Amino acid sequence: MTKVLVTGGLGFIGSHTAVELLARGHEVLLADNLSNSNAAVLDGIAAVAGRRPVWANVDLADPLACRALLAGHPDLGGIVHFAAHKAVGESVQKPLAYYRNNFGSLVNLLEFTAAHRDCPLIFSSSCTVYGQADQLPIREDAPIKPAESPYGNTKQVGEEILRDAARAHGVRAIALRYFNPIGAHPTAAIGELPLGVPQNLVPFITQSAAGLRGPLQVFGNDYPTRDGTCIRDYIHVVDIALAHVYALERLLAGRSSEPVEVFNLGTGTGSTVLEVIAAFERATGRKVQWSFAPRRPGDVVAAYADTAKAAQGLGWRAERTLDQCMADAWRWQTSLPRPAQP
Ligand code: WQD
């Protein structure tokens, strides 16, 4: 049993990871400043896990606040770092806020791990670092393309910061490159809570099907794919959460093959936008109203993971199907109180 700090622990992937760490018997400390989450998620975590983790309302990009938090936990055995701004479009409008927040919090945490070598760190990275990969499925040694957004840049440079901290200070870390996390906990106690109009496909589908949004706009129908719409690797958030537990335990057991390891978190299967819509309708019996719209700038044609390295290194594979993702996402959506004004 290890005491683990989960930053961004009231967020979508953070809350699901906290639940799985608790289920494994670890002690969980949450740090979250509610910049993209809400405190009620703590009740959901407690409902699933059967116990309520401690939550610190801290801005980890504030060096004094971060140091004060960590000074109170010299026995910390690991950090799973989710806390970051993550909206691609917003990052283009506010690059400096993204760099200050995402790099500041990472550097503050790494200063602690540099002084506490027995406290490794897991970094939340993204398939965004690959851009439009030359080969599919995408392997971890695929070339890193120039970032198409400041958000993507924070993931690419974030991984470089890990490597520099490892070389200079003996920090040990694992970067996990998520493909497209979707779905919700099957209990519907926790799930995705996008602020405002969802930018991502699946929360827009569930809100549209719930009558909170108009018809879905399918961005582009002339891509060189089997049905003309983009292909992505949609992976259940619980599978993503379990991969974090396995990655942490790899680090704690000293099984890493290099100071900073990188693993893809995907299913290895690509689905088009139209196939996602069909899966939602099959899994829920609900119709999705949609129409084609122009392509969205910045979208890559296709991205799906090569999963061999994660299977071998983490002993982990995604197990949940696209239909299960849709059923869980819909159960979560229909469990939410209807907003007065969508
Ligand atoms: C998926 C597909 C859209 C909305 C983003 C981030 C990435 C990662 C995962 C964090 C695309 C299409 C979408 C809509 C649509 N996040 N779409 N209508 O862009 O693959 O990845 O989330 O790590 O960093 O960029 O996900 O869900 O936005 O889009 O047609 O209303 O759905 O064009 O083909 P994306 P997405």
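Predicted model: local features only at pLDDT ≥ 70, side-chain atom pairs only at ≥ 80, totals over all residues.
On a 1 Å grid over the protein atoms alone, a cavity is a set of points where a 1.4 Å probe fits but cannot get out, and lining residues have an atom within 4 Å of a point. Residues are numbered from 1 along each chain as its sequence is written, and side-chain values use heavy atoms, with hydrogens and water left out.

By this rule, 1 cavity of 30 Å³ or more is counted. The volume of the largest cavity is about 70 Å³, where a volume is the space filled by probe spheres set on the grid points, joined across faces, edges and corners. Its lining consists of H81, F82, A83, A84, N102, F103, L106, F123, S124, T154, K155 and G158. Two or more of the lining residues come from each of α5 (95-115), β5 (121-126) and α6 (150-169); helices (H or I, at least four residues) and strands (E, at least two) are DSSP runs, numbered from the N terminus. The lining of the largest cavity divides into 6 nonpolar, 5 polar and 1 charged residues. In this scheme Ala, Val, Leu, Ile, Met, Phe, Trp, Tyr, Cys and Pro count as nonpolar, Asp, Glu, Lys and Arg as charged, and the others, Gly among them, as polar.

Strand β5 also takes part in strand pairing, which requires that DSSP finds at least two bridges between two strands. β5 and β6 (residues 173-178) run parallel and are joined by 6 bridges, with R177 of β6 as the bridge partner of S125. From β5 the chain passes through α6 to β6 in a right-handed β-α-β crossover, that is, with the strands pointing away from the viewer, the path from the first strand over the helix to the second runs clockwise. β6 is likewise joined by 6 bridges to β11 (residues 260-265), again in parallel, and V262 of β11 stands opposite A175. Of the 6 residues of β6, 6 are buried (under 20% relative accessible area, with a 1.4 Å probe and protein chains only). In a regular strand the side chains alternate between the two faces of the sheet. A173, A175 and R177 point one way from β6, and I174, L176 and Y178 the other way.

Strand β1 (residues 3-7) is largely enclosed by the rest of the structure, because 5 of its 5 residues are buried. K3, L5 and T7 point one way from β1, whereas V4 and V6 point the other way. β1 pairs in the parallel sense with β2 (residues 27-31) over 5 bridges, and A31 in β2 is the bridge partner of T7. Together with α1 (residues 12-23), these two strands make a right-handed β-α-β unit. A parallel pairing over 4 bridges links β1 and β4 (residues 78-81), in which G78 is the bridge partner of V4.

A pocket is an open set of grid points with protein on both sides within 12 Å along at least five of seven lines. The second largest pocket has a volume of about 300 Å³. It is lined by 22 residues, of which E192, L193, P194, Q207 and L336 are the closest to its centre. Two or more residues of this lining come from each of α7 (201-209) and α11 (322-335), and α7 provides the largest share, 4 residues. The lining of the second largest pocket comprises 12 nonpolar, 8 polar and 2 charged residues. At least three residues are drawn from each of domain 1 (3-182 + 235-265) and domain 2 (201-232 + 268-335), with bounds that come from an automatic or database domain assignment.

Methods: Buried < 20%, exposed > 50% of the residue type's maximum accessible area, 1.4 Å probe, protein only.
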